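Hi,

Here is the structure for your files. My notes follow below it.

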Amino acid sequence: MPDIHVSAAVIVDDQGRVLVVRKHGTTRFMQPGGKPEAGESPVETLLRELHEELGLELAETDLRPLGRFVSAAANEPGHRVVADAFSASVDPAGVQVQAELAELRWITPEDAVTLPLAPLSVEHLLPLAWPAAAR
């Protein structure tokens with residue numbers, strides 16, 4: 001199965017909600033982030049993507065590494081996503097939909113039960129955000 005390398009962010013607010021986004025033309029919500037450009041490190045990729053997609057101005061010191069995770073790709077059948085994941089806390093007022101995003105939502109563990117989510121979010125990233133709610 002071909003691999004798609006991405007950087008992804010588990011972004012939480014002061015109420016413990018997690019930010020998920022949905023790109024135009026897709027149905028599943030996922031953590032914000034994206035694919036690297038030539039020569040970019042995972043952190044550089046994520047900082048650029050968060051700025052382009054959400055208008056966030058974060059520094060490398062704002063991100064905490066979570067590890068590398070592998071899941072089925074949400075929007076590319078027959079592919080795997082290999083994600084370098086990081087966490088950050090932000091003020092929801094500073095986040096806005098931009099670029100290729102159709103919408104964003106701040107979700108709770110209860111919301112995650114009914115929302116169509118990417119495999120990477122369900123299998124790896126949301127359980128890191130909400131360890132007590134993991135099944």
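Lys-23 is partly exposed, with a relative accessible area of 23%. (Buried means under 20% relative accessible area, exposed over 50%, partly exposed in between, with a 1.4 Å probe and protein chains only.) The side chain of Lys-23 forms a salt bridge with that of Glu-53, at 3.9 Å, N to O. A salt bridge here is a side-chain nitrogen of Lys or Arg within 4 Å of a carboxyl oxygen of Asp or Glu. Glu-53 is buried, at 0% relative accessibility. The two sit 30 residues apart, Lys-23 in strand β2 and Glu-53 in helix α1 (residues 42-54). Helices (H or I, at least four residues) and strands (E, at least two) are DSSP runs, numbered from the N terminus.

This is a predicted model: local features need pLDDT of at least 70, side-chain atom pairs count only at pLDDT 80 or more, and totals for chains, interfaces and linings use all residues. Residues are numbered from 1 along each chain as its sequence is written, and side-chain values use heavy atoms, leaving out hydrogens and water.

Arg-17 and Asp-13 pair at 2.7 Å, N to O. Arg-17 is partly exposed, at 22%, while Asp-13 is buried, at 6%. Arg-48 and Glu-49 pair at 3.2 Å, N to O, and both are buried. A salt-bridge network links Glu-37, Glu-40, Arg-48, Glu-49 and Glu-52.

Now the core. The largest nonpolar core has 21 residues. Such a core is a set of buried Ala, Val, Leu, Ile, Met, Phe, Trp, Tyr and Cys residues joined through side-chain atoms within 4.5 Å. Its largest share, five residues, comes from β1.

Best wishes
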